[in-house]
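This note is meant for a colleague who is meeting the structure for the first time. Please read the numbered points below with the sequence and the model at hand.

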Amino acid sequence: MLLRGGAFSGCSAAVGDSNVNRRFPGVIRPPTAVCRPRRVQCVKSVAAGEPIRKPEELSHHASLANRLRLGGFTEDGLAYKGIFIVRSYEVGINKTITIQTITNLLQEVGVNHYQRAGYSTDGFGTTPIMRKLSLIWVVKRMHIEIYKYPGWSDVFEIESWFHIEAIGSRRDFIIRDYVSGEVIGRATSKWIAMNYETRRLQKIPDELRNEVKVYAPKTFRLAFPEENNASLNKIAKLDDPAGYSELGIVPRRSDLDMNQHVNHVSYIGWILESMPQKIINSHELQAITLDFRRECQHDDEVDSLTGSELVVNGNSKSIAKEEDDYPQFLHLLRLSKDANEICRARTVWTGVKNLQKDDMCYN
């Protein structure tokens, strides 16, 4: 999704070295270089040539939200950074932020980017051209890797930028510890346009492409520039019957977003509901890939299926047996009534060292 602002110095995406400190070792290596936050500066808007001011300098025409929000354009005006504090209701049983909260904040940074650029004034990350053509953004694919989960009251920042592609847009993210600048996560996503009234997918028109490209980097920049990185891996369909399942999930009203369908973040919760409990107790989610196939509505009923995945010579195969040190799982969300696919997913987990039952919080 094309994804709001103040002003922060820009940092280029970093990749490579395995010596970056992490709380847990894992099969996915984070990037090397880190960029430490610098002081807020006044920069020029790429589109309008106007200075994007510090919150206290914003004039009366700026919204209250923009004055209070901790976030803004990077120094070159081609990316957006948001700063977040982990709240008590955003952490799970191991006292760290949940993957659902992280995914919600990725979406928040995206729509804030558009809002700050002056596009999304009365829509959910949509531009004037999109509203004129009754278009909305829907996510097609998302890949998230977390190398270190922030805990309660920790502060972190998310930097995001987008590129317009032939049939949609790509939005990437770098997640950093705000104090140290350490890269603690990365994500990438593919978004496509859908007509809000007909619910049909639509190719991006040239007038929309021209409207937003001024805020996109001129050279292609990726959160995962490594060759053969995990974000590119195809997700095989899970064999049925699956090893684990949660059947008959009914969407709640709170699962719906303003596009009148179940928000993709709810899918993650449904996927985790069918995970084996012993993995939830002893491991931490290190990576998740989601491949979205169709919309889910409030009156649908959903089955969540999970099976262990064995990778042999680069080929994926779902199996019924159990887990190694870095267990990998295939997932399938489908409609209960006709087995039509809603979402395929893959999760990769790493053992949580020194996490004892006494360290967990149960309310």
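Are E159 and R221 buried or exposed? Both E159 and R221 are buried, where buried means under 20% relative accessible area, exposed over 50%, and partly exposed in between (1.4 Å probe, protein chains only).

1. Basis of the note. The model is predicted, so local features need pLDDT of at least 70 and side-chain atom pairs count only at pLDDT 80 or more, while totals for chains, interfaces and linings use all residues. Residues are numbered from 1 along each chain as its sequence is written, and side-chain values use heavy atoms, with hydrogens and water left out.

2. E159 and R221 form a salt bridge at 3.2 Å, N to O (a side-chain nitrogen of Lys or Arg within 4 Å of a carboxyl oxygen of Asp or Glu). This pair links distant parts of the chain, since E159 is in strand β6 and R221 in the loop between α4 (206-212) and β10, 62 residues apart. Through shared partners, salt bridges join K81, E157, E159, R176 and R221 into one network. Helices (H or I, at least four residues) and strands (E, at least two) are DSSP runs, numbered from the N terminus.

3. Between R176 and E157 the closest N and O atoms of the salt bridge are 4.0 Å apart. R176 belongs to strand β7 (residues 169-177) and E157 to strand β6 (residues 155-164), so the pair ties together parts 19 residues apart in sequence. R176 is buried at 1% relative accessibility, and E157 is buried at 2%.

4. A buried charge without a partner. D257, in the loop between β10 (244-249) and α5 (264-273), is buried yet has no salt bridge. The nearest side chain of opposite charge, R199, is 6.8 Å away (Lys and Arg count as positive, Asp and Glu as negative; His and the chain ends are not counted).

5. Strand β15. Ten of the eleven residues of β15 (residues 341-351) are buried, so the strand is largely enclosed by the rest of the structure. Strand β11 (residues 283-292) runs antiparallel to β15 and is joined to it by nine bridges; strand β14 (residues 328-335) is also antiparallel to β15, with seven bridges. Two strands pair if DSSP finds at least two bridges between them. A287 has V348 in β15 as its bridge partner, and F329 stands opposite T347 in β15.
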